[in-house]
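Thanks, everyone. I will take a few minutes on one model, so please have a look at the sequence and the coordinates as they come up.

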Amino acid sequence: MKRNRFGVNGPEQRFVNEFLSALMKSRSQDSFKVLREVAINGCGEADVVIFSRQKNGGFITTAFEAKMNDWRRGLLQAARYRAYANVAILVVPVNTATRALRFLDTFRAVKIGLWSFDEQSKKIYRHYTPNADKAIAQMFLKKFYRYSLNNQSSVLGELFGISQYLCETSPKG
């Protein structure tokens with residue numbers, strides 16, 4: 001687990017843990033795997049990455065960045081994750097979302113999702129979720145797959161049969 005300026009169990013880590021718990025409770029029984037603190041050289045370190053198998057046989061990679069206050073910095077970080085993810089989403093507390101929502105057109109223009117999470121009610125508000133799209137850089141996507149195989153107990157191999165995805169790099173559909 002990464003150490004931030006607040007320590008391992010700082011406010012942002014607690015926020016991410018609570019968000020992830022609420023997100024997992026809201027997901028259907030479709031196949032998915034979750035990775036935490038995913039660092040890809042050149043793309044930054046996503047707080048959470050979820051691989052979801054789709055009904056059509058493909059899969060979607062969704063990267064989440066959480067920020068307690070600085071949503072602008074979070075937007076920039078989430079934009080870097082689009083190099084390897086089909087969807088990138090910034091998650092902020094509800095009070096921070098009120099400021100970020102004034103710039104929802106910016107999120108839409110750069111195709112970065114904006115969600116907020118209420119730690120008291122454990123409710124997730126999905127203000128904008130972009131459609132899944134091809135990862136921007138095939139090189140980073142392949143690097144990410146290999147990272148997942150080497151560092152995350154063959155998560156992709158278990159769920160998707162990774163060999164076919166080292167060459168096929170966009171969602172089907």
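To begin with a detail: in which loop does lysine 122 lie? Lysine 122 sits in the loop between E5 and strand E6 (123–128). Before going on, the ground rules. This is a predicted model, in which local features need pLDDT of at least 70 and side-chain atom pairs count only at pLDDT 80 or more, while totals for chains, interfaces and linings use all residues. Residues are numbered from 1 along each chain as its sequence is written, and side-chain values use heavy atoms, with hydrogens and water left out.

Back to lysine 122. Its phi is positive, about 65°, although lysine 122 is not a glycine. Most residues other than glycine have a negative phi. At 40% relative accessibility lysine 122 counts as partly exposed; that class lies between buried, under 20% relative accessible area, and exposed, over 50%, with a 1.4 Å probe and protein chains only. Lysine 111 also has a positive phi, near 60°. Lysine 111 is found in the loop between H4 and strand E5 (113–118), and is partly exposed at a relative accessible area of 44%.

Now the overall layout. The protein chain has six helices and six strands; these are DSSP runs, H or I of at least four residues for helices and E of at least two for strands, numbered from the N terminus. From that end the order is α-β-β-β-α-β-α-α-β-β-α-α. The chain has 173 residues, of which 47% count as buried. Take contacts, meaning heavy atoms within 4.5 Å: among those between residues at least 6 apart in sequence, 56% join residues at least 24 apart.

Next, the interior. A nonpolar core here is a set of buried Ala, Val, Leu, Ile, Met, Phe, Trp, Tyr and Cys residues joined through side-chain atoms within 4.5 Å. The largest one has 24 residues, and those with the most contacts inside it include Val49, Ala63, Trp71 and Phe107. Elements giving two or more residues to this core include strand E2 (44–53), strand E3 (59–66), helix H2 (71–81) and helix H4 (104–110). Which element gives the largest share of this core? That is H2, with four residues.

Finally, alanine 63. Leaving aside neighbours within four places in sequence, alanine 63 is in contact with Ala46, Val48, Val49, Tyr81, Tyr84, Ala85, Val87, Ala88 and Ile89. Ile89 is also listed in a second, separate core of 17 residues, along with Ala22, Phe117 and Ile124.
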